[in-house]
Amino acid sequence: MFRFLRLGKVSSINYKEVSVSVEFDDSPGVISKGLKILSDHTSKEKDYSLPNPGEDVVCVFLPHAPTVGFVLGSYYSGKNLPTDTGKIKYILFPDGTKIKYNMETSVLEVDCVGDINISSGAAVNIKGNEVNIDANSFNVTANESNFDHKINCADVIADKGSYNDHIDNLH
């Protein structure tokens, strides 16, 4: 009997073809040929995200070509329910990196275990009522720097000495 919809677990991934093979729940040991992954965008705008091996997926097959199918997406089962729930959207990566947006508080969190690189061919603008930087070290390299407001700091140390030492020598 032909089934349009089937449940299964991802058996293997073909990253180059953006497809996965699936072992079906109703036929243990039967593994599909590569099934394409449905995505929101694949033309000018592109989304790229593949399910992991062992992940539960829903598959659909074409009635006129029963070996041609697509993975509609993954689903939560009782074994893999999310730990964070509510009016939020998030991505949790295997290494622990997390991007989370809370729609009730309007707070966006990015918690990365590695480096974060931001680059632009034009200006990068950061605007807020308050901008806080908490770091063991803070480096700025620029051809020119402009400050429109008073800067409060303990001292400024440059190649030619300390700001505080310079002020002390004027007295």
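These notes cover the pockets, the aromatic contacts and the salt bridges of a predicted model.

1. Largest pocket, extent. The space in this pocket comes to about 1,500 Å³. Its lining counts 34 residues. Nearest the centre lie S49, L50, P51, E55 and S74. Two elements, β5 (65–74) and β6 (88–92), each give two or more residues to this lining.

2. Largest pocket, make-up. Strand β6 supplies the largest share of the lining, with five residues. By class, the lining of the largest pocket splits into 18 nonpolar, ten polar and six charged residues.

3. Second largest pocket. About 650 Å³ of space lies here. The lining of this pocket has 16 residues, and F138, V140, N146, F147 and I151 are the closest to its centre. Eight of the lining residues are nonpolar, five are polar and three are charged.

4. Aromatic pair. How many aromatic pairs does a search of the whole structure find? The search returns one. The partners are F24 and F61, in an edge-to-face arrangement.

5. Where the pair sits. F24 belongs to strand β2 (residues 19–24) and F61 to strand β4 (residues 56–62). The two are 37 residues apart, so the pair links distant parts of the chain.

6. Charges over rings. F24 has a further contact: R6 lies over the face of its ring, at 3.9 Å from the ring centre. K98 is placed over the face of Y90, at 5.0 Å from the ring centre.

7. Salt bridges, K36 and E17. The structure holds five salt bridges. One of them joins K36 to E17, with the closest N and O atoms 3.9 Å apart. K36 is in strand β3 (residues 35–37), while E17 is in the loop between β1 (5–14) and β2. The partners are 19 residues apart, and the pair links distant parts of the chain. K36 is partly exposed at 37% relative accessibility. E17 is also partly exposed, with a relative accessible area of 42%.

8. Salt bridge K98 and D84. The side chains of K98 and D84 meet at 2.1 Å, N to O. K98 lies in strand β7 (residues 98–102) and D84 in the loop between β5 and β6, so this bridge ties together parts that are 14 residues apart in sequence. D84 is partly exposed, at 21% relative accessible area.

9. Salt bridge K100 and D84. Which residue does K100 bridge to? The partner is D84, and the closest N and O atoms are 3.6 Å apart. K100 sits in strand β7, 16 residues from D84 in the loop between β5 and β6. K100 counts as buried, at 17% relative accessibility.

10. The network. D84, K98 and K100 are linked in a network of salt bridges. Within it, D84 bridges to K98 and to K100. K98 also lies over the face of Y90. D84 is partly exposed, whereas K100 is buried.

Definitions and conventions: Residues are numbered from 1 along each chain as its sequence is written. This is a predicted model: local features need pLDDT of at least 70, side-chain atom pairs count only at pLDDT 80 or more; totals for chains, interfaces and linings use all residues. Side-chain values use heavy atoms; hydrogens and water are left out. On a 1 Å grid over the protein atoms alone, a cavity is a set of points where a 1.4 Å probe fits but cannot get out, and a pocket is an open set with protein on both sides within 12 Å along at least five of seven lines; lining residues have an atom within 4 Å of a point. Grid points are joined across faces, edges and corners, and a volume is the space filled by probe spheres set on the points. Helices (H or I, at least four residues) and strands (E, at least two) are DSSP runs, numbered from the N terminus. Ala, Val, Leu, Ile, Met, Phe, Trp, Tyr, Cys and Pro count as nonpolar, Asp, Glu, Lys and Arg as charged, and the others, Gly among them, as polar. Rings of Phe, Tyr and Trp (its six-membered ring) pair if their centres lie within 6.5 Å; planes under 30 degrees apart count as stacked, over 60 as edge-to-face and the rest as tilted. A charge sits over a ring if NZ of Lys or CZ of Arg is within 6 Å of the ring centre and within 35 degrees of the ring normal. A salt bridge is a side-chain nitrogen of Lys or Arg within 4 Å of a carboxyl oxygen of Asp or Glu. Buried means under 20% relative accessible area, exposed over 50%, partly exposed in between (1.4 Å probe, protein chains only).
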